[in-house]
Amino acid sequence: MKKHWWMREVAYQIYPRSFADTNNDGIGDLRGIIEKLAYLSDLGITLIWLSPMYPSPMADNGYDISDYYGISEAFGTMDDFDDLLAAAKTYGIKIILDLVVNHTSDEHAWFQELLADPNSPYRDYYILKQGKDLPTNWRSNFGGSVWEKLPNGEPDTYYFHSFHKKQPDLNWENPKLRQEIYQMIRFWLNKGISGFRVDAINFIKKDQKWQNLPADGADGLAKVTKAGRNIPGMNVFLDELKAEAFDGFDVVTVAEAAGVAYSDLPEFIGESGYFDMIFDFKWADIDVKSGSEWFRRQAWTIADLRELIMTQQLAMQVAGWSANFIENHDQPRATTKYLGEAATNLDAVKTLGAMYFFLRGTPFIYQGQELGMTNFKRADISEFDDISSIDQYYRSIKEGLNEQEALSVINLRSRDNSRTPFPWTDAPNGGFSKVSPWLSSTDNFEQINAAHALENPDSLYYFYKRMIAFRQEDDSLIYGDFSPIMPKNATVIAYKRLYKGKITSAYFNLGSTDVVEVITGRVNKLTFETQENAACITDNTLTLKAYSGVLFTEMEL
């Protein structure tokens with residue numbers, strides 16, 4: 001594959017609402033990000049993905065945008081954003097934004113115009129249907145019908161929403177709407193940002209037959225993903241999006257497009273694909289039967305995780321480029337999800353981090369991941385903010401769980417887990433703010449926080465710093481091909497990276513006991529260990545400590 005600048009990047013996702021509060025209103029802001037750029041630069045990251053900071057009523061924490069051209073007052077001003085761009089540039093850090101164009105807020109001027117005027121041209125900017133009954137039996141991603149009556153009292157007129165009822169879907173069948181979107185995208189690109197993470201982009205095409213589907217839940221509804229995601233004909237919109245919005249700019253586009261079949265990846269991320277890279281959720285959702293139904297949990301093993309990773313990496317390699325992650329704003333903390341009882345075991349957390357970080361693709365780190373933040377444990381559903389978590393709780397009870405079981409599931413999977421305020425110190429509220437934050441902190445912020453990490457040379461922060469520097473200095477870990485290794489131990493994940501005759505093997509033991517593996521090649525040099533004396537290599541035998549990983553180069557045979 002041709003080399004591109006974004007292959008070398010190490011990305012860091014910031015959730016502005018929870019990162020750093022400088023005006024002490026309990027909400028993070030852009031000035032807070034500016035103040036922490038030195039911290040991020042020292043870590044070694046080169047690119048920031050900024051979750052939505054646009055004006056929004058915050059029904060879905062900023063993914064319900066009321067003005068595509070502005071900055072939410074809660075986060076600051078456009079001058080603050082311009083200052084952030086300029087300040088980041090001095091550190092050599094690029095900024096990409098969240099692009100949310102499947103839907104807007106119902107408080108967006110376009111939607112308000114259609115409510116005010118029955119003859120408004122903006123009525124065709126959204127999806128409206130008329131009738132006495134609901135047009136279809138599709139369930140939204142956040143529960144309930146995808147159809148909601150217009151709130152202006154207009155009789156028997158419904159609007160469509162794939163997500164929350166305050167997030168009406170845009171009508172991508174309308175070319176005028178599409179041109180508005182492209183104009184907005186160019187506005188931000190002309191400001192000097194380096195690209196976009198493109199939210200829920202494979203929802204923009206709906207099945208135009210608008211037919212009922214077989215019910216798949218106790219509510220008598222069917223998932224909207226069956227008729228409103230990855231629908232044939234979407235390619236026309238995505239080709240046009242690329243040609244009219246992105247072409248002509250040397251930027252990166254990262255697609256959030258859950259459910260894309262691996263066989264379709266070349267269309268998405270090939271050399272002529274719609275986007276440059278894509279997030280894949282198949283191993284992120286290993287603990288549930290469906291990423292949109294957390295209450296349907298399933299057991300899994302490290303061997304299962306290994307198989308998913310190997311399959312994904314090989315598919316991405318054939319197609320193009322991967323955006324690799326273990327955490328983001330829609331996922332619980334990786335420590336708790338993947339490590340269970342070992343969630344606070346520093347060796348285990350380091351090994352998990354190294355395992356994904358050296359895969360083929362651009363690594364993404366989510367804020368607080370470099371500290372080893374863990375999930376919280378809430379005592380009642382009233383303590384949750386996330387609309388999806390609340391919906392999942394009540395829906396799981398309808399599906400047969402009792403209240404205690406439902407709460408346990410939500411604690412494990414809630415998106416609030418990753419949205420808790422960043423713990424900068426062990427002061428009240430983790431030093432995030434001098435007032436109570438918009439969302440309560442984790443229970444262990446006094447032990448897991450940035451100040452403690454920076455004081456401890458063996459902390460996860462310094463491990464990530466070492467890991468980032470190691471990757472950036474070795475082209476084989478950036479551009480190298482990926483080749484699976486099939487270990488004999490069920491707790492080991494292993495692979496090779498191959499580049500210009502250099503072979504780097506990587507072995508990671510995510511189990512609680514030492515293991516022995518047989519090495520097929522001739523070891524040249526041990527180059528990276530997740531802990532001191534993590535491994536012992538003799539002849540063709542590798543002895544790997546519990547919760548440890550190593551990388552070593554091999555001589556060509």
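Predicted model: local features only at pLDDT ≥ 70, side-chain atom pairs only at ≥ 80, totals over all residues.
Student: Which residue lies over the face of Phe 376?
Tutor: Arg 378 does, at 3.8 Å from the ring centre. A charge counts as over a ring if NZ of Lys or CZ of Arg is within 6 Å of the ring centre and within 35 degrees of the ring normal.

Student: And what lies over the face of Phe 528?
Tutor: Arg 466, with 4.5 Å to the ring centre.

Student: New topic. How many aromatic pairs are in the whole structure?
Tutor: The search finds 51. Rings of Phe, Tyr and Trp (its six-membered ring) pair if their centres lie within 6.5 Å; planes under 30 degrees apart are stacked, over 60 edge-to-face, the rest tilted.

Student: Why is the pair of Tyr 68 and Trp 110 tilted?
Tutor: Because the planes are at 55°; the centres are 6.1 Å apart.

Student: Where do the two sit in the chain?
Tutor: Tyr 68 is in the loop between β2 (47-50) and α3 (78-90), and Trp 110 is in helix α4 (residues 109-116), 42 residues apart. Helices (H or I, at least four residues) and strands (E, at least two) are DSSP runs, numbered from the N terminus.

Student: What about Tyr 393 and Tyr 394?
Tutor: Edge-to-face, with 4.9 Å between centres and 85° between planes.

Key. Residues numbered from 1 in each chain as written. Heavy atoms only, no water.
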